[in-house]
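Work through these exercises with the structure open beside you. Try each task before you read its solution.

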Amino acid sequence: MNGTYGQIITSSAASQIADQIQQAIMDGRLKVDDRLPTEEELAAQYGVSRPTVREALKRLAARHLIRSRRGPTGGTFITGPSPEELAHSLGTSVTLLVATDGVTLDEMATARLEMEAVCCRLAAQGRTEAHLAGLREEIALQWDKSISDQDFCASDVRFHRLIVDAAGNALLRFLMNALVEALMPVSNMIIVRVRDRMEIVAHHERMLAALEARDGNGAVAALEGLVHYIRDQYAKAAEARAAHRR
C-alpha cells in the first residue's frame with residue numbers, strides 16, 4: 001500500500017483523501033476486496049488526524065466505494081456501487097435537472113425517443129417469450145380503468161423497462177433505467193390531468209405487436225406515436241397552467 005497515496009497540503013484534507021482513494025480505484029491501483037490500511041495507518045500516511053481519515057472514509061462509504069467488516073478478518077474493504085445504485089444516482093440527477101428547468105420538456109421527450117428507439121430495435125430481435133408475457137401483463141393492468149394514476153404510472157415504467165431489458169445491452173440498460181425511472185414519473189405528473197390513459201395503452205399495444213413480430217422499425221414507429229402524443233399533452237398542460245394563472 002505504500003506509495004499509493006499522496007500528501008495532502010490544503011485544508012480540505014478529508015475530501016482530498018477520499019478523492020485520492022477513489023482515483024486509485026478508478027486507475028486500478030486499488031481493486032474490489034482490497035483491504036485499506038487502518039485509520040491509524042492512513043492518518044500516519046497522510047499526516048492528518050484520525051477524525052479526518054474517518055470523515056474521508058464516510059465520504060467513500062456514501063459513494064458506495066468501501067464497506068466495513070468486523071471480526072478477526074475485518075477491516076475496511078474496497079467495493080463498488082451496483083448498477084442499480086448508479087442508475088438511481090443518475091436518475092436523481094436527471095430529476096433535479098428537470099425540476100430546476102435545466103432540461104426542457106422538449107429535450108426530455110427527444111432524449112427518451114432517441115434512446116428508447118435503439119432499445120426497440122434491439123428488443124425486436126432479442127425479446128423472449130418471458131419479455132412478451134411481461135409486456136402483456138402490464139398492458140392488461142393498464143386497461144383496467146379502476147387502477148389509480150399512481151399504479152398506472154408504475155406499470156407504465158415497468159412496461160418500458162421490460163423493453164430495455166429485452167434489448168440485452170448492459171450499458172443501455174443502465175442508462176435507460178436511469179432515464180425511465182427519472183423522466184417517466186415526471187412526465188406522468190405533468191400530463192396526468194390532460195392525458196387519456198387508454199390512448200397511451202393503445203400505443204403500448206402497437207409496440208407490443210411490433211415486438212411480437214420482431215419488427216424493429218414498427219416498434220420505433222409505435223414509440224414515435226407515443227412520444228408525439230406525450231408532446232401534445234405537454235402543450236395542453238402548459239396551456240392549462242397559463243390559463244389558471246390568468
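**Exercise 1. Is Cys-120 buried or exposed, and is Cys-119 buried or exposed?**

Solution. Start with Cys-120. Its relative accessible area is 0%. Buried means under 20%, exposed over 50%, and partly exposed in between, with a 1.4 Å probe and protein chains only. Cys-120 is therefore buried. Now take Cys-119. Its relative accessible area is 0%, so Cys-119 is buried.

Before you go on, know the ground rules. This is a predicted model, in which local features need pLDDT of at least 70, side-chain atom pairs count only at pLDDT 80 or more, and totals for chains, interfaces and linings use all residues. Residues are numbered from 1 along each chain as its sequence is written, and side-chain values use heavy atoms, with hydrogens and water left out.

**Exercise 2. How many disulfides does the count come to?**

Solution. Begin with the rule: a disulfide is a pair of cysteine sulfur atoms within 2.5 Å. By this rule the count is 0. Check Cys-119: the nearest cysteine sulfur belongs to Cys-120 and is 7.1 Å away. Check Cys-120: its closest cysteine sulfur, in Cys-119, is too far for a bond because the gap is 7.1 Å.

**Exercise 3. Where is Glu-116 found, and which residues does Glu-116 touch?**

Solution. Glu-116 is in helix H5. Helices (H or I, at least four residues) and strands (E, at least two) are DSSP runs, numbered from the N terminus. Next, its accessibility. Glu-116 is at 0%, so it counts as buried. Last, list its partners. Contact means heavy atoms within 4.5 Å. Not counting residues up to four places away in sequence, Glu-116 touches His-160, Ile-163, Met-176, Met-207 and Leu-223.

**Exercise 4. At what angle do H5 and H8 cross?**

Solution. Take the axes of H5 (residues 105–126) and H8 (residues 170–191): they cross at roughly 135 degrees and come within 10 Å. Axes are lines fitted to C-alpha atoms, for helices over the stretch in contact, and angles run from 0 to 180 degrees between N-to-C directions. Angles under 35 degrees count as roughly parallel, over 145 as roughly antiparallel, 65 to 115 as roughly perpendicular and the rest as oblique. H5 and H8 are therefore oblique to each other. Their crossing is left-handed; that is, the near helix is turned anticlockwise from the far one by less than a right angle, while clockwise would be right-handed. Among the residues in this contact are Glu-116 and Cys-119 of H5 and Met-176 of H8.

**Exercise 5. What angle do H9 and H10 make?**

Solution. H9 (residues 197–212) and H10 (residues 216–245) pack at about 170 degrees, with axes 8 Å apart. They are therefore roughly antiparallel. H9 passes H10 in a left-handed crossing. The contact includes Met-207 of H9 and Leu-223 of H10.

**Exercise 6. Where is His-64, and which residues is His-64 in contact with?**

Solution. His-64 lies in the loop between H3 and strand S1 (66–69). Its relative accessible area is 37%, so His-64 is partly exposed. Leave aside its neighbours within four places in sequence. His-64 then contacts Thr-79, Gly-80, Pro-81 and Glu-85. Finally, look across the chain: the C-alpha atoms of His-64 and Ala-210 are separated by 40 Å.
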